[in-house]
Amino acid sequence: MKEDNSKITIEFVRIGEDASLPLPVYQTEGSSGMDVRASEDALITAKSWGIVKTGLKAEIPSGYEIQVRSRSGLAFKNGIFVLNSPGTVDSDYRGEIMVILANFSDNDFKISKGDRIAQLVVASVVTARIKETSEVSETLRSDGGFGHSGIK
């Protein structure tokens, strides 16, 4: 395997009464997301949502974010996914990382402390300069809204 000099370092701090949970980890060499675990027991009732704590704070370098995404297995098998997917942890946020999980199944879903609940994906952030103008240019699509991305 060749050396990858593009990696950055994300520093995590374990918080809470029991800081024994593993840090987020890439499960395979090709994984883009690190699995993160629940630091508490929780119940997400059917057709509802709730916040689950991870017991982690992170120091993210400027110019990057952590995206909080659903785990495909939880979504497919149980109808559990990150409600605001992808959630964003900004580089200047220093509070606990928490995950908003939604349950779109007909069954309550029990989460136990230590369960893998989401993926964390590190991504570059591009910020834009904002400029007001009096009009925007026309395109083939122009103001065609939802469902209008194809050519008629």
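**Salt bridges, sheet and pocket**

In this predicted model, a salt bridge brings together the side chains of Arg71 and Asp35, with a distance of 3.6 Å from N to O. Because Arg71 lies in the loop between S7 and helix H1 (72–78), whereas Asp35 belongs to strand S3 (residues 34–37), the pair ties together parts that are 36 residues apart in sequence. Arg71 and Asp35 are both buried. Asp35 also forms a salt bridge with Arg116, and here the closest N and O atoms are 2.7 Å apart. This second pair likewise links distant parts of the chain, since Asp35 is in strand S3 and Arg116 is in strand S12, 81 residues apart. The relative accessible area of Asp35 is 8%, so this residue falls under the 20% limit and counts as buried. Arg116, by contrast, has a relative accessibility of 32% and therefore counts as partly exposed, a class that lies between 20% and 50%.

The structure holds three salt bridges in total, and the remaining one is formed by the side chains of Lys47 and Asp106, at 3.1 Å from N to O. Lys47 is found in the loop between strand S4 (42–44) and strand S5 (48–53), while Asp106 is found in the loop between strand S10 (98–103) and strand S11 (109–111), so that the pair links parts of the chain that are 59 residues apart. Both Lys47 and Asp106 are exposed. Through salt bridges that share partners, Asp35, Arg71 and Arg116 are joined into one network.

Strands S3 and S12, which carry Asp35 and Arg116, also take part in an open sheet of five strands, arranged in the order S2-S3-S12-S7-S9 with antiparallel pairing. At the edges of this sheet are strand S2 (25–26) and strand S9 (87–89), each of which pairs on one side only. Strand S7 (residues 64–69) and strand S12 (residues 116–124) run antiparallel and are joined by six bridges; within this pairing, Val68 has Leu120 as its bridge partner in S12, and Gln67 has Val121. The antiparallel pairing of S7 with S9 extends over three bridges, and in S9 the bridge partner of Gln67 is Thr88.

The second largest pocket of the model has a volume of about 200 Å³. This pocket is lined by 19 residues, of which Ile15, Asp18, Ser39, Thr54 and Gly55 are the closest to its centre. By residue class, the lining of the second largest pocket consists of six nonpolar, five polar and eight charged residues.

Terms used:
Residues numbered from 1 in each chain as written. Predicted model: local features only at pLDDT ≥ 70, side-chain atom pairs only at ≥ 80, totals over all residues. Heavy atoms only, no water. Pairing = 2+ DSSP bridges. Helix = DSSP H or I, 4+ residues; strand = E, 2+ residues; numbered from the N terminus. 1 Å grid on protein atoms, 1.4 Å probe; cavity = no way out; pocket = protein on both sides within 12 Å on 5 of 7 lines; lining within 4 Å. Points joined across faces, edges and corners; volume = space filled by probe spheres on them. Nonpolar A, V, L, I, M, F, W, Y, C, P; charged D, E, K, R; others polar. Salt bridge = Lys/Arg side-chain N within 4 Å of Asp/Glu carboxyl O. Buried < 20%, exposed > 50% of the residue type's maximum accessible area, 1.4 Å probe, protein only.
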